[in-house]
Amino acid sequence: TIILRGSGTLITDNCYQKSELSYGLVTDPSSKIQIVKPLTKEDISKGNKRGRNWHSESSIIEEIYSKNIRVPEDCPTINEAYASIEQSNGNLTTIVLGPGEHAVEGGKYGNYLEINCPVKIVGDPKVLDKSKIIVKGGFQITAYGVHVEHLTIRGSTYSGVSGKSSCTLTDLIIGQCGMYGVEAYGSDAVLNCLNIMVSKSI
């Protein structure tokens with residue numbers, strides 16, 4: 001089995017020999033190729049000679065879901081990763097953020113990522129220093145079943161985390177926000193916080 005994942009995956013400009021097995025993606029009957037969504041075979045195998053991008057008759061080529069979607073390996077941005085979570089009908093559950101800065105693209109509330117479905121957003125556990133995993137922006141949480149862990153939230157236009165539904169926040173650094181580090185809206189919203197540091201906010 002060959003498992004293909006990551007937004008940098010590309011199979012192109014191959015199949016120069018006129019062979020029955022000359023395809024971008026091809027397997028024998030005893031093996032298979034698995035492509036981890038949100039990738040598709042159309043995304044990764046294209047531009048091969050004579051249109052032989054994949055063998056569609058005897059080859060086993062599956063598109064599968066992993067529970068985790070990694071940024072930037074699988075999706076280049078946190079916004080795109082969350083959109084994939086929403087579209088997966090529960091097949092994807094977790095966004096894993098690698099080291100570096102992950103800018104939240106602006107929404108109607110500034111640079112808030114609006115979270116409307118259950119999701120875990122976690123920093124890569126292999127990166128021990130959570131200050132090296134930075135979300136530039138904030139989260140507005142309106143869904144139950146949201147968990148955010150092991151990362152830094154910085155530079156939100158408004159609050160770092162604005163909770164309108166109950167959620168859990170663990171091992172976070174939150175700072176330089178235009179409003180509050182963490183805020184809860186309404187009597188039903190319970191934000192369970194463990195090991196949270198807030199600084200340089202209103």
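A: Contact means heavy atoms within 4.5 Å. In this protein, residues 24 or more positions apart account for 60% of the contacts with a separation of 6 or more. This is a predicted model, in which local features need pLDDT of at least 70, side-chain atom pairs count only at pLDDT 80 or more, and totals for chains, interfaces and linings use all residues. Residues are numbered from 1 along each chain as its sequence is written, and side-chain values use heavy atoms, with hydrogens and water left out.

Q: How many helices and strands are there in the protein?

A: Helices (H or I, at least four residues) and strands (E, at least two) are DSSP runs, numbered from the N terminus. The protein has two helices and 15 strands.

Q: What does the order of strands in an open sheet tell me?

A: Two strands pair if DSSP finds at least two bridges between them. Here an open sheet of three strands, paired in parallel, has the order S1-S2-S3. Strand S1 (2–4) and strand S3 (61–64) are the edge strands, each pairing on one side only. S1 pairs with strand S2 (residues 33–36) over three bridges, and Ile2 stands opposite Ile33 in S2.

Q: Which residues of strand S10 are buried?

A: Buried means under 20% relative accessible area, exposed over 50%, and partly exposed in between (1.4 Å probe, protein chains only). In a regular strand the side chains alternate between the two faces of the sheet. Strand S10 (residues 138–141) is covered on both faces: Gly138 and Gln140 are buried on one side, Phe139 and Ile141 on the other.

Q: Which strands does S10 pair with?

A: Strand S7 (residues 112–115) pairs with S10 in the parallel sense over four bridges, and Leu113 has Phe139 as its bridge partner. Three bridges join S10 to strand S12 (residues 161–163), also in parallel; there the partner of Phe139 is Val161.

Q: Which residues of helix H2 are buried?

A: In helix H2 (residues 78–87) they are Ile78, Asn79, Ala81, Tyr82, Ser84 and Ile85. Asn89, which follows H2, has a positive phi, near 55°.

Q: How much of the protein is buried?

A: Buried residues make up 45% of the 202 residues.

Q: Why does Ile202 count as exposed?

A: Ile202 counts as exposed because its relative accessibility is 64%. Ile202 is found in the segment after strand S15 (191–199).
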